[in-house]
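This briefing goes through selected local features of one protein model. The structure comes first, followed by notes grouped by topic.

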Amino acid sequence: MAKLYFKYGAMGSSKSAQALITKYNYEENDMRVWLIKPSADTRDGADILRSRIGLEAKAEIMLPQTDIFERFSATQAEKCDVVIVDECQFLTENQIDQLRSIVNEYAIPVLCFGLRTDFQTRLFPGSRRLMELADVIEEIKTMCDCGAKATVNARISDGYIVTEGAQVVLGGNDSYIAMCHRCYINGIREHKKIKLHGQN
């Protein structure tokens, strides 16, 4: 039975790598994959999905106004065995409903990879809707520098944790670090200088 999956993790948990590996595994078994991502994710080029470990593939872009169910019905029905979505947190709530409809109406599995919460530990609208609608919710774990499980996507500017600003500011290891909640709160309280990964 087809299901809607939400596979979430903090920054640096290899979500995009897992999405691309999943795509490869389906294709290795002669199954057809529709790989999509929201237009908000332009870090690696508008239609490129790239992981930190170097895997990449071309993805179809979904604008906020795109009806994903209609697009699927018009271009992918009878030609697709699975839908894989990266950066699903940037989709609208309506678009998550449309992914749910693909599962229901076409009996096609939809696998969504993305963040659960933003830099202020608030749910993204797309993630909130997935928490409400997904058949399967799985956490992709990663670690804080202290060794505990990371659950927070801390936004860093000039070495310090940012607590205000727009919900969506694109960035990777240059702007964000995954932290456990304790280290996140301590970093804010003590105004600690935070070293981003990959920086000297």
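Setting aside residues up to four places away in sequence, Gln98 touches Thr66, Asp67, Ile68 and Phe69. Gln98 belongs to helix α3, and the model that shows these contacts is a predicted one.

**Gln98 and helix α3**

- Gln98 is buried, because its relative accessible area is 14% and the cut-off for buried is under 20%.
- Helix α3 covers residues 93-106, and its axis comes within 8 Å of the axis of helix α4, which covers residues 125-133.
- The two axes cross at roughly 35 degrees, and the crossing of α3 past α4 is right-handed.
- On the α3 side, the contact is made by Glu93, Ile96, Asp97 and Arg100.
- On the α4 side, the residues in contact are Pro125, Gly126, Arg128, Arg129, Leu130 and Leu133.
- By class, the residues of this contact between α3 and α4 are five charged, four nonpolar and one polar.

**Lys23 in helix α1**

- Lys23 sits in helix α1, which is made of residues 15-28.
- With a relative accessibility of 14%, Lys23 counts as buried.
- Apart from neighbours within four places in sequence, Lys23 is in contact with Val33, Leu35, Ala57 and Ile84.

**Residues with positive phi**

- Most residues other than glycine have a negative phi.
- Glu87, which is not a glycine, has a positive phi of about 55 degrees.
- Glu87 is found in the loop that runs between β6 (82-86) and α3.
- Is Glu87 buried or exposed? Glu87 is buried, with a relative accessible area of 8%.
- Ala107 is a residue other than glycine with a positive phi, near 55 degrees.
- The loop between α3 and β7 (110-114) holds Ala107.
- Ala107 counts as exposed, because its relative accessible area is 54% and exposed means over 50%.

**The second largest pocket**

- The volume of the second largest pocket is about 170 Å³.
- Its lining includes Cys144, Asp145 and Cys146, together with Ile177, Ala178 and Met179.
- Also in the lining of this pocket are Cys183, Asn186, Gly187, Lys192, Ile194 and Lys195.
- Strand β11 (176-179) and helix α5 (181-189) are the elements that give two or more residues to this lining.
- Seven of the lining residues of the second largest pocket are nonpolar, three are charged and two are polar.

**The cavity**

- How many cavities of 30 Å³ or more does the structure hold? The structure holds one such cavity.
- The largest cavity has about 70 Å³ of space.
- Among the residues that line the largest cavity are Tyr8, Gly9 and Ala10, along with Arg116 and Thr117.
- Glu139, Ile140, Lys141 and Thr142 also line the largest cavity, as do Ala150, Thr151 and Asn153.
- The lining of the largest cavity has five polar, four nonpolar and three charged residues.

Technical notes. Residues numbered from 1 in each chain as written. Predicted model: local features only at pLDDT ≥ 70, side-chain atom pairs only at ≥ 80, totals over all residues. Heavy atoms only, no water. Axes fitted to C-alpha atoms, helices over the stretch in contact; angles between N-to-C directions. Helix = DSSP H or I, 4+ residues; strand = E, 2+ residues; numbered from the N terminus. Left-handed = near helix turned anticlockwise from the far one by under 90°. Contact = heavy atoms within 4.5 Å. Nonpolar A, V, L, I, M, F, W, Y, C, P; charged D, E, K, R; others polar. Buried < 20%, exposed > 50% of the residue type's maximum accessible area, 1.4 Å probe, protein only. 1 Å grid on protein atoms, 1.4 Å probe; cavity = no way out; pocket = protein on both sides within 12 Å on 5 of 7 lines; lining within 4 Å. Points joined across faces, edges and corners; volume = space filled by probe spheres on them.
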